[in-house]
Amino acid sequence: MDYYLGILQTIGVHTLLGLSAYILLLTGQVSMAQIGFFAIGAYSSGVLTVIFSWHIYPALAFGAFLASFFAFLVGFPALRVKGLMLVIATIAFSEIVRLITFNFVWMVEKDGIMVGADGAQGFREIRYFTTNGWESSQVVLLIWIFVVIVMAMLWWLDRVKAGAVLRAVGNDELAAQSSGIDLTTVKVAAMTAGGFIAGLGGGLYAHAVSYVDHITFTILMATFAISYPILGGTKNVFGTLLAVIFIQGILIEAFRFLEDWRLIIFGLIIILVMNFMPNGLVSLFNSRKSKKGT
Amino acid sequence: MNVEFIDIVQSLIDGVLYGSTYALIGLGFTLIFGAMEKLNMAYAASSIGGAYVGLGVSVLFSFPLVLIFFIGPIAAGVLSVLVYFCCFRYLPSNNHLAALMASIGGLFFIDEIISHETDGSPLDFPELGIFSEAYFEIEFSDMFLGFRGDLIFVMFASFVAMLFLLYLLYRTRLGLATRAVSQQPIAAQLCGISIHQTNSITFIIAGVLGGIAGCLAAASVGVISPLLVLPLTVKGLIVTVMGGLGSIRGAIIAGLLVGGLESVFLLLRGVNERDIYVFLLLFIFLVFKPNGFFGAEIDRD
C-alpha cells in the first residue's frame, strides 16, 4: 500500500513541477530553471521546519514565495534573451542552485543529534510529518489538494483575459506587442507564478520524502519538468497530468524490471515523439490543433 | 589559504591551455547554430561518445593507443550525423522547440547508454605519452611559470583543428556552401546547393571537432567518465553565448577565457564552488552584453 502511496506522491509532486513549466510554455518560453526553483522551495521550507521548528503551512508558503522571488529576479536578465538563449541561461541558473545546495551547510544540534543541511551529504531528517504523527495517506492527500488547487487555478486562468494574454504572447510576440501587451510584464509574471508552483512542489517533496540532496536537482529533472507540458501539449492542464502519469507512473514504475534502460527509453521517447508529433502527445486526441510550437 | 600572484598567473596559464577544448566544443555549437539556427544539445554527448568508441575499439582490437585520437573523432563525426538524422532532419524546420527537445532526448540517450555500458564508473584514458611527462619552466622577472607538456599539446592540437576548420570554411567550395546555407538558406537552395546535404556535412565537421576535444580533454585528465558530458555541454553553451551565437572567433576567445577563469576560481574557491562562478559569469554577460563579444555579426544578417 505504501508503495502505491509513494507513486501517488511522486506523480503529485511531478505534476506541480510540470505545471510550473506549463505556465511558462504558454508564453512560448522554454525554461530549464524550474528545478532550481523546486530546489529553493525544498531547502528553504526544510530549513524552516527542521531548524526553526515552524509549522508546515507557513514553511511551505515561505518556500514558495522565496522561489517566486528568485524567479522574479531571474526573469529580468533571462527574459532579455529569447528562445534558445533562455534555455542556456536557465540551465546555468539551475546548475548554480544545484551547486549551492551541494555546498550549503547549516546544521544545528537538536535533541542530541545534528540536523540540517550538510553540503554534499544532503539535507537529511526533514521529519515534520513523522514527528507530528501524519499518516502517509494524509501526506498524499495534502499534496493532491495542492495539485487540484493549482490545476483549478490554471484551468480558471485559461477562461479569463489573463490566460488569453499569456497565449497571445506565446503565439506571436510581435502581434501581442502591437495590441498593447507589455511583453516583459507578462513573461516575468509567468516566470514568477511558475517559480511559486515549483517552490511549493519542492517544499512538499522535501517533507514527503524527508531527504533531499543535490542529485535530486540535476538537468535530468529539469528535462523531466519541461518534457511533461511539451509531451502533454499546452492545450490544457490535463495534458501535463497525463504526461506525468505516462512517464512517472508507467515508464518509471511499471517498467521497473527494465532498470537503467528506462532512462535510455526516456531519451528515445522524447526523440520519437518530437519526430512524429512535434506538437505533443495531445495531437493523438486532437488532429486539428491550433497552437504551433515556437 | 595564502594565494600569491604567481599562483594566479600559473593557474590562468593552465586554464587557458585546457580551455582550448572548451573553445573547440563552443565552435561546434556555433557551427551548428550558424547553419540551422538550432541548438544541438546532444553535441557534447556525441563528442564524449566518440572518445568512448575510440577507446573501446582500440582496446577491443588491441590497436596502438595513439589510434584513439583518430578513431575517436571519426566516431564522434558519425554519432553527430546520426543525431542530425534523428533529431533535426525530419522535424519541421521552423519548430526550434521540437528540435531542441529531441536533441535533449539524444543527450540523455547517449549519456545513459555510456553509463549503462560502463556501469557509470570512469575508465582510464591513455595519457599523451611523452607530452604528459614534459614540463617547461620559464623565468619571468623573478617568477617561475610552468607549462605542462600535455596541455601545450592539447592547445596545439586544438589550434591545428581550428585552422583546419577555418581553411575548410573559407577556402573550399564546401565551406562556401556551408556559409551560403547559414546566411540565406533559400537563396542557397536556388543556387543548387542541397541544404540537407550541407547540414549533414556541417554536423560531421562539428562532430569531428567535438571528438578531438573529447579525446584531448579525457587524455589531459587521464580518465573518461559519463560525468564529463553535462559539464562539457553547459560550458560549451556558455562559451557559445559569451562569444556571440554564430561567431567563430568569439567562440575561440570565450573558450580560452572560460578555461582560464575556471582555473583561477578553482584556485581561489575550491573545486566544489568553481562552476558556480563560471555560471554566474554567463548571467553577467546576459545582463550587460546579451550578444556576446561578437554578437553583432549575427544581428547584421
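Predicted model: local features only at pLDDT ≥ 70, side-chain atom pairs only at ≥ 80, totals over all residues.
1. B:Arg269 is partly exposed, with a relative accessible area of 45%. Its side chain meets that of B:Glu273 in a salt bridge, at 3.0 Å from N to O.

2. A second salt bridge in chain B deserves a look. B:Lys235 pairs with B:Glu262, and their closest N and O atoms are 2.8 Å apart. This pair links distant parts of the chain: B:Lys235 sits in helix 10 (residues 229-243) of chain B and B:Glu262 in helix 11 (residues 248-269) of chain B, 27 residues apart. Are the two partners buried or exposed? B:Lys235 is buried, with a relative accessible area of 2%, and B:Glu262 is buried too, at 5%.

3. That pair also belongs to a wider arrangement. A network of salt bridges links B:Lys235 and B:Glu262 with B:Arg274 and B:Asp275. If you are viewing the model, these four residues can be picked out together in chain B.

4. How many salt bridges does a search of the whole structure find? Over all chains, the search finds eight. One for chain A is the contact between the side chains of A:Lys187 and A:Glu173, at 3.1 Å from N to O. Here, too, distant parts of the chain are linked: A:Lys187 is in helix 9 (residues 183-209) of chain A, while A:Glu173 is in helix 8 (residues 173-178) of chain A, and 14 residues separate them. Both A:Lys187 and A:Glu173 are buried.

5. A:Glu259, A:Asp260, B:Glu117 and B:Asp119 form a negative surface patch, with members from chain A and from chain B. Where is A:Glu259 found? It is in the loop between helix 11 (237-254) and helix 12 (261-276) of chain A. At 55% relative accessibility, over the 50% cut-off, A:Glu259 counts as exposed.

6. Chain A also carries a nonpolar surface patch. About 450 Å² in area, this patch is made by A:Phe69, A:Phe70, A:Phe72, A:Leu73 and A:Phe76. One of these residues, A:Phe72, is found in helix 3 (residues 56-79) of chain A. A:Phe72 is partly exposed, with a relative accessible area of 35%.

7. For the overall picture of chain A, count twelve helices and three strands. Its C-alpha trace spans about 60 × 45 × 30 Å along the principal axes. A compact globule of 294 residues would have a radius of gyration near 19 Å, and chain A agrees, at 19 Å. Of its 294 residues, 59% count as buried.

8. The C-alpha trace of chain B spans about 65 × 50 × 35 Å along its principal axes, and buried residues make up 55% of the 301 residues.

9. Most residues other than glycine have a negative phi. A:Ser53, however, has a positive phi, near 50°. A:Ser53 lies in the loop between helix 2 (34-50) and helix 3 of chain A, and counts as exposed at 52% relative accessibility. In chain B, B:Ser62 has a positive phi of about 40° although it is not a glycine. B:Ser62 lies in the loop between helix 2 and helix 3 of chain B and, at 62% relative accessibility, counts as exposed.

10. One last stop is B:Leu67. Its place is in the loop between helix 2 (43-60) and helix 3 (68-89) of chain B. B:Leu67 is partly exposed, with a relative accessible area of 30%. How far apart are B:Leu67 and B:Leu55 in sequence and in space? They are twelve residues apart in sequence and 8.8 Å apart in space, C-alpha to C-alpha.

How values were computed
Residues numbered from 1 in each chain as written. Chains lettered and ligands numbered in written order. Heavy atoms only, no water. Patch = residues over 30% accessible without salt bridge, like charges linked within 9 Å, V, L, I, M, F, W, Y side chains within 5 Å. Areas by Shrake-Rupley, 256 points an atom, 1.4 Å probe, with all protein chains shown as cover. Lys, Arg positive; Asp, Glu negative; His and termini not counted. Charge placed at Lys NZ, Arg CZ, Asp CG, Glu CD. Helix = DSSP H or I, 4+ residues; strand = E, 2+ residues; numbered from the N terminus. Buried < 20%, exposed > 50% of the residue type's maximum accessible area, 1.4 Å probe, protein only. Rg over C-alpha atoms; globule rule 2.2 N^0.38 Å.
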